[in-house]
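Let's take a walk through this one together. Have a look at the fold below, and then we'll go through a few of its features.

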Amino acid sequence: MERNRFTVFEVVEEIIRNFFNENDEEKKEEFQMLLNEPALLNNGKELADRKQVIAWLKEPARFSSQKAYNEFKVYVREQRLQIWRKRMRYVAAVLVLPFLVGGIYYWHTIHSGEKGQEIQLIHPIAFKASIELNDGKQVYLGVEEGKITLSDQTEIVRNQKQVVYKASDLSDVHEVIYHELCVPKGGEYVLILSDSTKVWINADSKLRYPVQFCGKEREVFLLEGEAYFEVSKNHEKPFLVRTSHGTVKVLGTEFNVRSYEGEECVITTLVNGSVQFKSAQEPECNTVLCPGYQLIAGASAEDWIIQQVNLKEYVSWKEGLYIFNNMTLEELMKTVERNYDVTVFFANEACKLLRFSGDLKKYDDVRNFLRYIEVGGDVRFVVKNREITIYEKGALGPGTPCFACE
């Protein structure tokens, strides 16, 4: 949810940082601009008043996220869409307060160091991966920098965030040599292939690809996981991505492919250009996607679903954002498991069905991601080592702090 340049979450975050004097000098000027944000209905100074916020904290019942959400639904029903858009500032201002109070409470808990509570640091995405060469040797990425020269004179140049293949003279290549790039849970990496195609590879993913492309096609294999492709144009050599349920064929375009183990479908989302998806089980079945559309392909073509989507929800991960829209908590936490390399347990099955919408940055600590969910939903998170257990709010008792340890 955006109001001019600021989202609800950005407003809350900046006010919280100011509350604990965490803003540096460069942030002070931006914070003053935020206080004059029209969407706050001139309440900016009140929200930044430390004494006022402390007074609010003494009356937690006064601010109910559920009440605010119910008011929001009623308001939308009663207003036409055009009026709703014009007066969205009112709704945003209503929602700031519960998120602010919950966020302040969270930070207050951390800064005050409540007795018996341990703070579990679980860091998210890091640029790390490994390459398995054709002889079985492993090359680890994300720490060391440098260049590796292969027997066919192909150069592999690596740094902390990406690895680049620089092809030698293709006239001397007689056989295709494959490498496999593996990104673990909690990781992310960028691969630039020998044809200059750029591939962003998400956590818990494996991609098999040739060191140099030979023949009439450029072919790679997404063995597992998710990758975003920015394909270098070459009309004479189509680019193919092989997946468990079929093949994505392009000439030059940008698209995202998701094919995680345990998920029954391969999801292809087209950003620009044109792609064709052909079924692995039924080769005669194929479809062509237009930009802004997505194919959810099951094992059978009868299970295929083509739909228009908000592209940001499916490709923003490569830009450092989580975006989720009406997503169940079960689905959302699968993403957390992969990106933070943690194990998630649900103490109550009903919690899996709760739905959330929002956009959050990939913060430095998993607690920052979970706190917004806990403030706005009927759940409580308990973090122990690299395990996150989810309870219904109130199941642990009224005095249990957020992110408590067992």
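At what angle do α9 and helix α10 pack, and how far apart are their axes? Keep in mind that this is a predicted model. The two helices, with α10 covering residues 366-376, meet at about 170 degrees, and their axes lie 12 Å apart. An angle over 145 degrees counts as roughly antiparallel, so that is how α9 and α10 run relative to each other. On the α9 side, the contact is made by Leu 329, Leu 332, Met 333, Val 336 and Tyr 340, while α10 brings in Val 366, Phe 369, Leu 370 and Ile 373. That contact divides into 9 nonpolar residues, with no polar and no charged ones.

The top contributor is β22, with 7 residues. The pocket holds about 1,000 Å³ of space. Its lining comes to 36 residues, and the ones nearest the centre are Arg 258, Ile 267, Tyr 314, Met 327 and Glu 331. By type, the lining splits into 14 nonpolar, 11 polar and 11 charged residues.

One last stop: find His 245, in the loop between β14 (239-242) and β15 (246-250). Is His 245 buried or exposed? With a relative accessible area of 12%, His 245 is buried. Leaving out residues up to four places away in sequence, His 245 touches, among others, Glu 264, Val 266, Phe 277, Lys 278, Gln 281 and Ala 297.

Key:
Residues are numbered from 1 along each chain as its sequence is written. This is a predicted model: local features need pLDDT of at least 70, side-chain atom pairs count only at pLDDT 80 or more; totals for chains, interfaces and linings use all residues. Side-chain values use heavy atoms; hydrogens and water are left out. On a 1 Å grid over the protein atoms alone, a cavity is a set of points where a 1.4 Å probe fits but cannot get out, and a pocket is an open set with protein on both sides within 12 Å along at least five of seven lines; lining residues have an atom within 4 Å of a point. Grid points are joined across faces, edges and corners, and a volume is the space filled by probe spheres set on the points. Helices (H or I, at least four residues) and strands (E, at least two) are DSSP runs, numbered from the N terminus. Ala, Val, Leu, Ile, Met, Phe, Trp, Tyr, Cys and Pro count as nonpolar, Asp, Glu, Lys and Arg as charged, and the others, Gly among them, as polar. Axes are lines fitted to C-alpha atoms, for helices over the stretch in contact, and angles run from 0 to 180 degrees between N-to-C directions. Angles under 35 degrees count as roughly parallel, over 145 as roughly antiparallel, 65 to 115 as roughly perpendicular and the rest as oblique. Contact means heavy atoms within 4.5 Å. Buried means under 20% relative accessible area, exposed over 50%, partly exposed in between (1.4 Å probe, protein chains only).
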